[in-house]
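Biologist: Could you walk me through this one before I set anything up?
Modeller: Gladly, here it is.
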Amino acid sequence: MAAAASTFTATDGDAYERQMGRWSRRLAEAFLDFAGPVAAEERVLDLGCGTGSLSLALARRSADARICGLDFSPAYVDYAQRRAGGGDPRLEFRVGDACAIPFPEASFDRVLSLLMLHFVPRAPAAVAEMRRVARPGAVAAAIRPVTLAAAVRSRARQPVATISPSRSPMPRPSFARSRA
Ligand SMILES: C[S@@+](CC[C@H](N)C(=O)[O-])C[C@H]1O[C@@H](n2cnc3c(N)ncnc32)[C@H](O)[C@@H]1O
């Protein structure tokens with residue numbers, strides 16, 4: 001039997017925003033700092049875009065990047081579309097599976113994924129898809145949370161970036177970036 005495409009249980013956009021929204025918004029900014037500046041007219045894929053925090057943060061930073069948010073959950077895609085307001089031609093949101101990204105190879109200058117890969121049982125297939133749709137020389141980057149125990153161990157190794165979760169049990173993120 002084929003592996004499920006996702007272990008994530010999507011609720012509705014409002015519920016996600018209440019629970020995770022403030023973390024996603026903060027992480028989105030740190031992730032964009034980590035992933036480097038977006039050049040003029042870059043085409044960017046936000047893989048597992050959820051309710052759209054990363055895509056919208058990107059749109060605020062870049063006047064002319066073209067951003068596509070892709071997510072498995074139609075409810076989140078619908079929420080992201082409404083959040084973006086529909087009047088911004090730079091932003092597009094679509095339903096799709098990270099393991100079968102519905103774009104030809106070398107479609108994007110930047111492929112970013114915030115807090116998604118750990119929900120994909122076939123994560124290597126998703127990473128292969130990230131590479132396939134990234135043009136040569138593109139930046140591909142992802143964040144996944146690490147457990148608190150692992151974060152404590154890794155503190156001594158100076159992670160590239162961390163977000164202090166104050167009193168929340170939110171796990172610290174781990175960052176990874178490569179050039180395709
Ligand atoms: C924790 S949420 C993160 C959403 C968003 N990136 C953020 O930071 O707010 C995980 C997201 O990954 C999406 N997801 C999980 N498996 C997926 C897959 N195989 N393909 C596309 N999206 C997937 C879920 O629908 C969900 O929106």
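Modeller: A term to begin with: a nonpolar core is a set of buried Ala, Val, Leu, Ile, Met, Phe, Trp, Tyr and Cys residues joined through C-beta atoms within 7 Å. Please keep in mind that this is a predicted model.

Biologist: How many residues does the largest nonpolar core have, and which have the most contacts inside it?
Modeller: The largest nonpolar core has 44 residues, and those with the most contacts inside it are Phe31, Leu45, Val111, Leu112 and Leu114. Strand 5, residues 134-145, gives this core its largest share, which is six residues.

Biologist: And what is Phe31 in contact with, leaving aside neighbours within four places in sequence?
Modeller: With those neighbours left aside, Phe31 is in contact with Leu54, Leu112, Leu114 and Ile143. As a general point, nonpolar side chains tend to be buried together in soluble globular proteins.

Biologist: Switching to the ligand, which residues are closest?
Modeller: The ligand is surrounded by 24 residues, of which Ser6, Ser24, Gly48, Gly50 and Ala98 are the closest. By class, the shell divides into 15 nonpolar residues, seven polar and two charged.

Biologist: Which helices each supply at least two residues of that shell?
Modeller: Helix 1, spanning 13-35, and helix 2, spanning 53-61, each supply at least two.

Biologist: And the overall layout, in what order do the elements run?
Modeller: The chain has five helices and six strands, and from the N terminus on they run α-β-α-β-α-β-β-α-β-α-β. Of the 180 residues in the chain, 35% are buried, and among contacts with a separation of 6 or more, 73% join residues 24 or more positions apart.

Terms used
Residues numbered from 1 in each chain as written. Predicted model: local features only at pLDDT ≥ 70, side-chain atom pairs only at ≥ 80, totals over all residues. Near = placed C-beta within 6 Å. Helix = DSSP H or I, 4+ residues; strand = E, 2+ residues; numbered from the N terminus. Nonpolar A, V, L, I, M, F, W, Y, C, P; charged D, E, K, R; others polar. Buried ≥ 20, exposed ≤ 12 C-beta atoms within 10 Å, placed from the backbone. Contact = placed C-beta atoms within 7 Å.
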